[in-house]
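Subject: The structure I promised you

Hi,

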Amino acid sequence: MKKTIFFGIILFKTVFFLAQEKQPAFVSGELLQYKMSYSGFLRAGTATLEVSEQELNGKNVFYAKGKGWTTGMIKWFFEVKDLYESYFDQKETKPYLFKRKINEGGYKKHRITTFNYSSNKAYIQDFLVQNDTTVPFVNVQDILSSFYYLRNKDVSNLQKGEDLKLDMFIDAQVYPFKLRYLGKEVVKTKFGKIKTLVFRPFVQSGRVFKAEESVTLWITDDSNKIPIRVKAALAVGSLRAELEAYQGLATPFKL
């Protein structure tokens with residue numbers, strides 16, 4: 001009898017431990033809002049990221065929506081109005097459908113990408129050039145699903161200088177993407193002092209970013225893994241994003 005109780009306790013603890021380990025970084029209803037500043041002082045705009053549960057082709061999926069727009073003086077000479085939408089698997093975080101409609105100072109894109117896992121081919125509809133394309137893929141993330149995919153990665157044993165890697169599907173092409181871990185840092189925010197993990201995503205230099213290592217990202221060092229701050233050196237000037245509001249987190253915000 002004692003052995004039965006003992007093994008029962010061990011089993012319960014094991015299940016509880018595994019449940020803790022698999023706790024998701026985000027849940028349906030999460031909303032993150034960011035204040036965008038240009039060159040350190042001028043408010044440039046606002047960006048939001050939200051996720052909810054929806055049904056796609058009879059399957060329950062996560063639907064993520066990312067929006068960004070310029071405001072104030074910046075809008076007068078460089079208007080940005082971006083919309084990203086992603087429908088991805090709730091367990092594997094693999095994308096099924098991705099929509100991108102952007103206008104960045106006259107640079108426009110309007111595309112819908114459907115990922116077919118039976119044929120491992122992506123079907124891209126381009127509504128501006130009126131052209132459809134089919135591209136093969138293996139284990140990719142779209143621009144938005146990659147954000148949620150990386151948040152669920154276990155980084156507890158990550159060492160300084162190590163990279164998180166994935167293949168990202170952008171504009172009918174597959175690009176290798178990596179995020180380098182730089183260490184830990186406590187940063188001051190409107191919510192108080194927050195423990196963070198610091199990363200450096202390698203980006204494409206040219207039209208937007210000054211160099212491959214132009215971006216630095218601070219993520220909360222808790223189970224939510226929320227980007228709390230982003231700094232980027234642009235081709236002209238710099239951009240800074242700060243979390244200014246949130247709701248619907250998977251776990252209470254850790255200060």
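A quick definition to start: a residue is called buried when its relative accessible area is under 20%, exposed when that value is over 50%, and partly exposed in between (1.4 Å probe, protein chains only). You're looking at a predicted model, so local features need pLDDT of at least 70 and side-chain atom pairs count only at pLDDT 80 or more, while totals for chains, interfaces and linings use all residues. Residues are numbered from 1 along each chain as its sequence is written, and side-chain values use heavy atoms, with hydrogens and water left out.

Let's begin with the salt bridges. The term stands for a side-chain nitrogen of Lys or Arg within 4 Å of a carboxyl oxygen of Asp or Glu. By that rule, the count here is 11.

Take Asp171 and Arg100, whose side chains meet in a salt bridge at 2.6 Å, N to O. Asp171 sits in the loop between strand S10 (163-170) and strand S11 (173-189), while Arg100 belongs to strand S5 (residues 95-104), so this pair ties together parts that are 71 residues apart in sequence. (Helices, H or I with at least four residues, and strands, E with at least two, are DSSP runs numbered from the N terminus.) Arg100 is buried, at 11% relative accessible area, whereas Asp171 has 25% and counts as partly exposed.

Next up is Arg111, which forms a salt bridge with Asp126; their closest N and O atoms are 2.8 Å apart. Arg111 is in strand S6 (residues 107-116) and Asp126 in strand S7 (residues 121-126), so the bridge ties together parts 15 residues apart in sequence. Both Arg111 and Asp126 are buried.

Then there's Asp163 with Arg180, another salt bridge between side chains (2.8 Å, N to O). Here strand S10 holds Asp163 and strand S11 holds Arg180, so parts 17 residues apart in sequence are tied together. Asp163 is partly exposed at 22% relative accessibility, and Arg180 is partly exposed at 26%. Salt bridges that share partners also join Arg100, Lys109, Arg111, Asp126 and Asp171 into one network.

Now have a look at Ser86 in strand S4 (residues 80-89). Is Ser86 buried or exposed? With a relative accessible area of 0%, Ser86 is buried. Among the residues Ser86 touches, beyond those up to four places away in sequence, are Phe62, Tyr63, Leu97 and Asp142; contact means heavy atoms within 4.5 Å. The side chains of Ser86 and Asp142 also make a polar contact at 2.7 Å. That term covers a pair of N or O atoms within 3.5 Å; within protein, one must be able to donate a hydrogen and the other to accept it, and residues adjacent in sequence count only if both atoms are side-chain atoms.

Gln141, in strand S9 (residues 140-141), is buried too, with a relative accessible area of 6%. Which side chain does the side chain of Gln141 make a polar contact with? That of Ser145, at 2.7 Å. The Gln141 side chain also reaches the backbone oxygen of Thr93 at 3.0 Å.

One last stop: Phe78 lies in the loop between helix H2 (72-77) and S4, and at 37% relative accessibility Phe78 counts as partly exposed.

Cheers
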